[in-house]
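Biologist: Could we go through this structure together? I would like to take it one topic at a time.

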Amino acid sequence: MAWTRYQLFLAGLMLTTGSLNTLSAKWADMFKAAGCHGDPEHEFSHPFVQAVGMFLGEFSCLVVFHILLCHDRRRPQPSVNPGQSFNPLLFFAPAMCDMTATSIMYVALSMTSASSFQMLRGAVIIFTGLLSVAFLGRRLQTSQWIGIFVTIMGLVIVGLADFISKNKDEHRLSDIITGDLLIIMAQIIVAVQMVLEEKFVYKHDVHPLKAVGTEGLFGFSVLTLLLIPMYYIPVGDFTTNPRQVLEDALDAFCQIGHQPLIMLALLGNTVSIAFFNFAGISVTKEISATTRMVLDSLRTLVIWVVSLAVGWEQFHGLQVLGFVVLLTGTALYNGLHRPLLARMPCCAAWALDDAEEQASAAERERLLGDNRVQAGDDA
């Protein structure tokens, strides 16, 4: 079935804003400007300030939700489901995971290339799969285990490409390795966030925009307060700000004053994350979750092509191989291979068995969920 113009618009919006989110953050990292009190020009190395801006973008989704709800209530027949009432503190733990992982990733982004940053984020399916088995009692299908193994191979190839890359002008080899490891570490925290959301949050009927906005509110509030102690925590050569503290927010504002384009990059990050969340939710609703996964993978390609075009990094053949392998692993894990295999006579039986295995797993999870609900009612 052909897509409507609105569906094409949503897909394009998700792909564009998702790519802009990483590119604008990397653009901010590449600026140099003078700081406070006559400090000489230095790199804009303020990952926690950038993370605050990102959470501000997520928080705006909560504002948009209430605006849409108020507008919808004025209509003769309201169509927006506000969802059931819930304790907002359910989102606190996932929000703290999001805050920690995002901050680590922004630190890592300043150490490595934008394309490697986006590719290595694919590691999240490894840890999400393993944690869902350990804590949610889920049984992964054969194709998902294969997808995890293929993803590990892709991560090794991308890491090897960074290690032997000749483009050392922008980043030192030690920084690149540290950045890559930090990105993978952050994906463990993201996986914990996803498991927490599935275990405690998704069983409630919460509107997606409200969920994203509530997590953004917690992340924005807590991280803004944490900027105060960060101003006094020394970290030595780990940062490039003049005072060599964990985060110097005042230095960030002074640099923005001397170089206004930094503010443009930060605004791009904040606005893009808001529209990206809206577009992602809408794509899942209007088209399918599978399409959302495909578009999320394609933005890695967009980020890589743009980075090459503007001269932020040099072409490396291993990155192409790594991207293809990671894309294959993601496709296998999310079941995107089944429609293709079903059309191939030699593989149709495997696709059918895989689909039956998925249906059996879904039925087991449904029964397990019913038993949990029954146990709760009996208690």
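This is a predicted model: local features need pLDDT of at least 70, side-chain atom pairs count only at pLDDT 80 or more; totals for chains, interfaces and linings use all residues.

Biologist: Understood. How many disulfides does the structure hold?

Modeller: The structure holds one disulfide. It joins Cys36 to Cys254, with an S to S distance of 1.9 Å.

Biologist: What is a disulfide, in general?

Modeller: It is a covalent bond between the sulfur atoms of two cysteines.

Biologist: Where do Cys36 and Cys254 lie?

Modeller: Cys36 lies in the loop between strand 1 (32–33) and strand 2 (42–43), whereas Cys254 is in helix 9, so the pair ties together parts that are 218 residues apart in sequence.

Biologist: Which handedness does the link of Cys36 and Cys254 have?

Modeller: The link is right-handed, with 95 degrees about the S-S bond.

Biologist: Are these two cysteines buried or exposed?

Modeller: Cys36 is buried, because its relative accessible area is 12% and buried means under 20%. Cys254 has a relative accessible area of 24%, so it counts as partly exposed.

Biologist: And what about Cys61 and Cys97, buried or exposed?

Modeller: Cys61 is buried, at 2% relative accessibility. Cys97 is also buried, with a relative accessible area of 13%.

Biologist: Changing topic: which residues make the nonpolar surface patch?

Modeller: Leu160, Phe163, Ile164, Leu173, Ile177 and Leu181 make this patch, which is about 520 Å².

Biologist: Why does Leu181 count as exposed?

Modeller: Leu181 counts as exposed because its relative accessibility is 53%, and exposed means over 50%.

Biologist: Next, Gln118. Where is it, and is it buried or exposed?

Modeller: Gln118 is in helix 4 (residues 114–120). Its relative accessibility is 6%, so Gln118 counts as buried.

Biologist: What is Gln118 in contact with, leaving aside its neighbours within four places in sequence?

Modeller: With those neighbours left aside, Gln118 is in contact with Thr22, Arg299, Thr300 and Ile303.

Biologist: Where is Gln244, and how is its accessibility classed?

Modeller: Gln244 is in the loop between helix 8 (208–230) and helix 9 (249–258). At 31% relative accessibility, this residue counts as partly exposed.

How values were computed
Residues are numbered from 1 along each chain as its sequence is written. Side-chain values use heavy atoms; hydrogens and water are left out. Patches are made of residues with over 30% relative accessible area and no salt bridge: like charges are joined within 9 Å, nonpolar side chains (Val, Leu, Ile, Met, Phe, Trp, Tyr) within 5 Å. Accessible areas come from the Shrake-Rupley method with a 1.4 Å probe; for residues, only the protein chains shown count as cover. A salt bridge is a side-chain nitrogen of Lys or Arg within 4 Å of a carboxyl oxygen of Asp or Glu. Buried means under 20% relative accessible area, exposed over 50%, partly exposed in between (1.4 Å probe, protein chains only). Helices (H or I, at least four residues) and strands (E, at least two) are DSSP runs, numbered from the N terminus. Contact means heavy atoms within 4.5 Å. A disulfide is a pair of cysteine sulfur atoms within 2.5 Å.
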